[in-house]
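The following exercises are to be worked through with the sequence and the 3D structure at hand. Each task is followed by a solution in steps.

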Amino acid sequence: VQLQASGGGVVQAGGSLRLSCAASGTIFQVNAMRWYRQSPGEQRELVAVVTSGGSTNYADSVKGRFTIFRDNSKNTVYLQMNSLKPEDTAKYYCNADLRRLSWLGTEPYWGQGTQVTVSS
């Protein structure tokens, strides 16, 4: 199983970006999907989570600006980021809890990360 993240880049403050992360390989079921971010010298922090049923939760710092959503038919999670601020600059990682086969339990998988840089 692989999680492939894309969509990062350089944007001016106030701009928008959309990240995507697609899970591929042998997959029986995908449960919660998340986006984390990490800046140099900082701990990785949870940005947003979406359950298999579509329920969402966000870090306080991004509420009202970021939207997480998923396409279950494509095993893909997205992060729409609007009104970006310089403090949103970080490497963004996707994470998914999934079962590869019906008789296996849920395991966490990580994408490789995509860099988001917001200039002031």
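The model examined here is predicted.

**Exercise 1. A charge over rings**

Task: Determine over which ring the charged end of Arg44 sits at 3.8 Å from the centre, and over which ring at 4.8 Å.

Solution. Step 1: At 3.8 Å from the ring centre, the charged end of Arg44 is placed over Tyr93. Step 2: The charged end of Arg44 also sits over the ring of Trp110, with 4.8 Å to the centre of that ring.

**Exercise 2. Aromatic pairs**

Task: State how many aromatic pairs there are, and classify each by the angle between its planes.

Solution. Step 1: Ring centres must lie within 6.5 Å for a pair; by this rule the count is two aromatic pairs. Step 2: One of them joins Tyr36 and Trp110, with 5.0 Å from centre to centre and 50° between the planes, and is tilted. Step 3: Tyr36 belongs to strand β4 (residues 29–38) and Trp110 to strand β10 (residues 107–110), so this pair ties together parts that are 74 residues apart in sequence. Step 4: Tyr36 has a relative accessible area of 18% and is buried, whereas Trp110, at 39%, is partly exposed. Step 5: The rings of Phe69 and Tyr78 have centres 4.9 Å apart; their planes meet at 20°, so this pair is stacked. Step 6: Phe69 is partly exposed at 29% relative accessible area, while Tyr78 is buried at 17%.

**Exercise 3. The open sheet**

Task: Give the order of the strands in the four-stranded open sheet, and identify its edge strands.

Solution. Step 1: The order is β1-β3-β8-β7, and the pairing is antiparallel. Step 2: β1 and β7 each pair on one side only, and these are the edge strands. Step 3: On average, neighbouring strands of this sheet are turned by 15° against each other, direction ignored. Step 4: Within the sheet, β3 and β8 are joined by six bridges. Step 5: Leu19 has Leu79 of β8 standing opposite.

**Exercise 4. Strand β9 and its partners**

Task: Describe how β9 pairs with β4, with β11 and with β10, and decide whether β9 is mostly covered or uncovered.

Solution. Step 1: Eight bridges connect β4 and β9 in the antiparallel sense; Arg37 stands opposite Tyr92 in β9. Step 2: β9 also pairs with β11, antiparallel and over three bridges, and Tyr92 has Thr114 as its bridge partner in β11. Step 3: β9 and β10 run antiparallel and are joined by four bridges; there, Leu98 stands opposite Glu107 in β10. Step 4: Eight of the 10 residues of β9 are buried, and the strand is mostly covered.

**Exercise 5. The nonpolar core**

Task: Find which residues have the most contacts inside the largest nonpolar core, and which strand supplies the largest share of this core.

Solution. Step 1: The largest nonpolar core has 30 residues, and Trp35, Leu79, Met81 and Tyr92 have the most contacts inside it. Step 2: Among the strands that each supply at least two residues are β1 (2–6), β3 (17–24), β7 (66–71), β8 (76–81) and β11 (114–119). Step 3: The largest share comes from β9, with five residues.

**Exercise 6. A loop residue and its contacts**

Task: Locate Thr51 and list its contacts beyond its neighbours within four places in sequence.

Solution. Step 1: Thr51 is found in the loop between β5 (45–50) and β6 (56–58). Step 2: Its relative accessible area is 31%, which makes Thr51 partly exposed. Step 3: With the neighbours within four places left aside, Thr51 is in contact with Asn31, Ala32 and Arg70. Step 4: Pro86 lies 35 residues from Thr51 in sequence, and their C-alpha atoms are 28 Å apart.

Technical notes:
Residues numbered from 1 in each chain as written. Predicted model: local features only at pLDDT ≥ 70, side-chain atom pairs only at ≥ 80, totals over all residues. Heavy atoms only, no water. Phe/Tyr/Trp six-rings, centres within 6.5 Å; stacked < 30°, edge-to-face > 60°. Buried < 20%, exposed > 50% of the residue type's maximum accessible area, 1.4 Å probe, protein only. Lys NZ or Arg CZ within 6 Å of the ring centre and 35° of its normal. Contact = heavy atoms within 4.5 Å. Core = buried A, V, L, I, M, F, W, Y, C linked by side-chain atoms within 4.5 Å. Pairing = 2+ DSSP bridges. Axes fitted to C-alpha atoms, helices over the stretch in contact; angles between N-to-C directions.
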